[in-house]
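Hello,

Here is the structure for you to look over. My notes follow below.

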Amino acid sequence: MSLCNICPRNCNVDRSAQTGFCSMTDTVKISRAALHMWEEPCISGDKGSGTVFFSGCNMKCVFCQNKEISTGGFGKDITVERLAESFLQLQEKGALNINLVTPTHYTLQIIDAVKKARQQGLKLPIVYNTSSYEKVETIRLLADVVDIWLPDFKYTDNFAAQRYSLAPDYVQMAKAAIDEMVKQQPECIFDDEGIIQKGVIVRHLVLPGQVQRAKEAVEYLYNRYGDSIFISIMSQYTPCTNLENYPEINRKITPEEYDRVVDYAVEIGVENGFLQEGESASESFIPPFDLAGVE
Ligand code: SF4
């Protein structure tokens with residue numbers, strides 16, 4: 001981390017003394033480590049996913065639902081040892097997995113923490129919940145650490161990626177990163193209760209007015225990976241922040257928009273998918289960032 005180039009931002013900063021685009025130093029900062037019931041059913045199950053929310057982010061999505069922690073900086077600094085301990089505490093609470101949310105800028109510390117926790121008895125699968133704005137080299141570092149890749153595939157064109165997330169090369173970076181994830185975990189494996197143990201689930205959040213882009217995302221994923229991955233089509237987009245400069249996305253998606261994307265997925269043959277019920281387009285998905293499980 002003396003010259004941080006962990007992600008495509010290539011900030012080249014010494015994070016012991018400075019911060020780059022993600023706004024985080026080399027000290028791990030988290031805002032919550034708790035059981036979470038709102039992931040896909042094969043991740044949350046009935047017992048919950050042991051979800052660790054990292055502060056900071058290497059994207060700047062204008063519609064981010066977690067701005068308080070992603071750009072607001074809320075959270076508490078912890079050591080790698082404490083992070084490992086929090087994984088073990090989640091295991092004791094009955095979590096089905098350890099789910100690392102927005103982890104990219106702490107990749108190296110996470111590798112260290114997972115190794116430490118495994119030496120102390122961590123048995124749970126590790127879920128890596130990322131925007132996919134990743135470098136292939138960084139994803140390769142995680143090959144022995146991550147069991148379940150949970151990447152977003154946010155955009156199919158870099159115009160939108162730049163407009164909404166200041167990431168002008170998102171599409172090629174995300175495609176290459178997801179290729180590497182599928183290479184590492186080419187098949188989804190579930191236990192007897194239907195809880196995923198290994199594999200790749202790619203999410204696409206449907207944005208208002210962007211049905212065609214959503215169809216392109218689903219089509220790309222299905223043409224490339226078939227049913228070796230699961231595609232999760234998400235309807236929960238909710239404008240939580242001031243989007244007056246982005247009027248085209250300053251509303252929820254309509255049921256009709258969502259249905260058109262789902263119908264298209266069915267039409268092209270997608271079998272391994274997850275859908276969200278209409279009710280799920282709600283702010284209830286945003287957990288309280290209250291340092292639960294951190295202190
Ligand atoms: S992890 Fe942060 S500092 Fe490092 S390259 Fe990415 S945005 Fe920059």
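How much space lies in the second largest cavity? About 110 Å³. A cavity here is a set of points, on a 1 Å grid over the protein atoms alone, where a 1.4 Å probe fits but cannot get out. Its volume is the space filled by probe spheres set on the points, with grid points joined across faces, edges and corners.

Before the rest, the ground rules. This is a predicted model, in which local features need pLDDT of at least 70 and side-chain atom pairs count only at pLDDT 80 or more, while totals for chains, interfaces and linings use all residues. Residues are numbered from 1 along each chain as its sequence is written, and side-chain values use heavy atoms, with hydrogens and water left out.

Cavities

The second largest cavity has a lining of 14 residues (lining residues have an atom within 4 Å of a point). Cys4, Cys7, Arg9, Cys11 and Cys22 lie nearest its centre. By class, this lining has 7 nonpolar, 5 polar and 2 charged residues. Ala, Val, Leu, Ile, Met, Phe, Trp, Tyr, Cys and Pro count as nonpolar; Asp, Glu, Lys and Arg as charged; the others, Gly among them, as polar.

In total, the structure holds 3 cavities of 30 Å³ or more. The largest cavity contains about 800 Å³ of space. Its lining takes in 40 residues, and nearest the centre are Asn66, Asp152, Lys154, Arg203 and Gln236. Two or more lining residues come from each of β2 (49–54), α2 (67–70), β5 (126–130) and β8. Helices (H or I, at least four residues) and strands (E, at least two) are DSSP runs, numbered from the N terminus. The lining of the largest cavity divides into 19 nonpolar, 15 polar and 6 charged residues.

Salt bridges

There are 14 salt bridges in the structure. The criterion is a side-chain nitrogen of Lys or Arg within 4 Å of a carboxyl oxygen of Asp or Glu.

Arg203, one of the residues nearest the centre of the largest cavity, pairs with Glu39. Their closest N and O atoms are 2.4 Å apart. Glu39 sits in the loop between β1 (28–36) and α1 (41–44) and Arg203 in strand β8 (residues 196–205), so the bridge ties together parts 164 residues apart in sequence. Glu39 is buried, at 13% relative accessibility. Arg203 is buried too, at 8%. Buried means under 20% relative accessible area, exposed over 50%, and partly exposed in between (1.4 Å probe, protein chains only).

Glu180 and Arg140 form another salt bridge, at 3.6 Å from N to O. Glu180 is in helix α7 (residues 170–184) and Arg140 in helix α5 (residues 136–141), so this pair ties together parts 40 residues apart in sequence. Glu180 is buried, at 8%. Arg140 is partly exposed, at 46%. Shared partners also join Glu39, Glu40 and Arg203 into one salt-bridge network.

Glu81 bridges to Lys116, with the closest N and O atoms 4.0 Å apart. Glu81 belongs to helix α3 (residues 80–92) and Lys116 to helix α4 (residues 107–119), 35 residues apart. Both are partly exposed: Glu81 at 47%, Lys116 at 24%.

Ser86

Helix α3 also holds Ser86. Ser86 is buried, with a relative accessible area of 2%. Leaving out residues up to four places away in sequence, Ser86 touches Ala33 and Gly293. Contact means heavy atoms within 4.5 Å. The C-alpha atoms of Ser86 and Gly50 are 9.4 Å apart, and these residues are 36 apart along the chain.

Best wishes

Note on methods. 1 Å grid on protein atoms, 1.4 Å probe; cavity = no way out; pocket = protein on both sides within 12 Å on 5 of 7 lines; lining within 4 Å.
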